Amino acid sequence: MGLSLLNHRYRSRARSHMLTECRAEGDYTLWLRFDDGLEGSVYVGELVTNASFSVLGNIDLFKRVSIDPLSNVVTWGSGINLDPEILYRDLASRTEGVLH
């Protein structure tokens with residue numbers, strides 16, 4: 001059992017994608033680049049309608065996006081974080097035809 005958990009932990013790390021760049025664009029879009037070269041824009045505007053993310057409705061705050069250097073999450077420093085794996089999957093699913 002212990003070895004199984006250990007292997008799962010390393011497999012999870014191997015599949016994780018590191019963000020190398022992130023910037024806010026107009027209309028609640030994030031431009032992202034990952035360590036494997038995948039890059040592009042992801043629309044996150046639907047989040048501002050959610051009460052937990054409503055503070056991002058302020059476009060000036062939205063433009064202050066950054067990458068947390070320790071956790072590699074997209075963050076706004078106000079406790080709002082986005083998982084880079086979900087962003088990666090969204091971006092990859094829309095660019096599959098472009099990559100292959």
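How many bridges join strand 2 to strand 3? Five, and the two strands run antiparallel; the views below start with the whole chain and come back to this pair.

**View 1. The whole chain, a predicted model with three helices and six strands.**
Local features here need pLDDT of at least 70, side-chain atom pairs count only at pLDDT 80 or more, and totals for chains, interfaces and linings use all residues. Numbering starts from 1 along each chain as its sequence is written, and side-chain values use heavy atoms, with hydrogens and water left out. Helices (H or I, at least four residues) and strands (E, at least two) are DSSP runs, numbered from the N terminus. Read from that end, the elements go α-β-β-β-α-β-β-β-α. Of the 100 residues, 33% count as buried, where buried means under 20% relative accessible area, exposed over 50%, and partly exposed in between (1.4 Å probe, protein chains only). The chain exposes about 6,500 Å², and carbon and sulfur atoms supply 53% of that; the areas come from the Shrake-Rupley method with a 1.4 Å probe, and for residues only the protein chains shown count as cover. Take the contacts with a separation of 6 or more: 45% of them are between residues 24 or more positions apart, a contact being heavy atoms within 4.5 Å.

pLDDT is the predictor's confidence in each residue, from 0 to 100. The chain averages 83, and 80% of the residues score at least 70. Where pLDDT is low, the predicted coordinates should not be read in detail.

**View 2. Strand 1 and strand 2, an antiparallel pair joined by six bridges.**
Two strands pair if DSSP finds at least two bridges between them. Cysteine 22 has leucine 32 in strand 2 as its bridge partner. The two strands make a hairpin with three residues between them, and aspartate 27 in the turn has a positive phi of about 60°. Tyrosine 28 sits in the loop between strand 1 (19-25) and strand 2 (29-34), and its phi is near 55°, again a positive value in a residue other than glycine. Tyrosine 28 is also buried, at 15% relative accessible area.

**View 3. Strand 2 and strand 3 (residues 39-43), the pair from the opening question.**
Tryptophan 31 is bridged to serine 41 in strand 3. This hairpin has four residues between its strands, and glycine 37 in the turn shows a positive phi of about 95°. Five of the six residues of strand 2 are buried, so this strand is largely enclosed by the rest of the structure.

**View 4. Threonine 29, a residue of strand 2.**
Threonine 29 counts as buried at 13% relative accessibility. Its side chain reaches the backbone oxygen of glycine 26 at 3.4 Å. That is a polar contact: a pair of N or O atoms within 3.5 Å, where within protein one must be able to donate a hydrogen and the other to accept it, and residues adjacent in sequence count only if both atoms are side-chain atoms. Leave aside neighbours within four places in sequence, and threonine 29 is in contact with Arg23, Ala24, Ser41, Val42, Tyr43 and Phe62. Threonine 29 and lysine 63 are 34 residues apart in sequence, yet 9.7 Å apart in space, C-alpha to C-alpha.

**View 5. An open sheet of three strands, in the order 4-5-6 with antiparallel pairing.**
Strand 4 and strand 6 (81-82) are the edges, each pairing on one side only. Two bridges join strand 5 to strand 6, and valine 74 stands opposite leucine 82 in strand 6. Asparagine 72 is in the loop between strand 4 (66-67) and strand 5 (74-75). Its phi is near 60°, a positive value in a residue other than glycine, and asparagine 72 counts as buried at 8% relative accessibility.

**View 6. Threonine 75 of strand 5.**
Threonine 75 is buried, at 9% relative accessible area. Side chain to side chain, threonine 75 makes a polar contact with asparagine 81 at 2.7 Å. Not counting residues up to four places away in sequence, threonine 75 touches Arg64, Val65, Ser66, Ile67, Asp68, Ile80 and Asn81.
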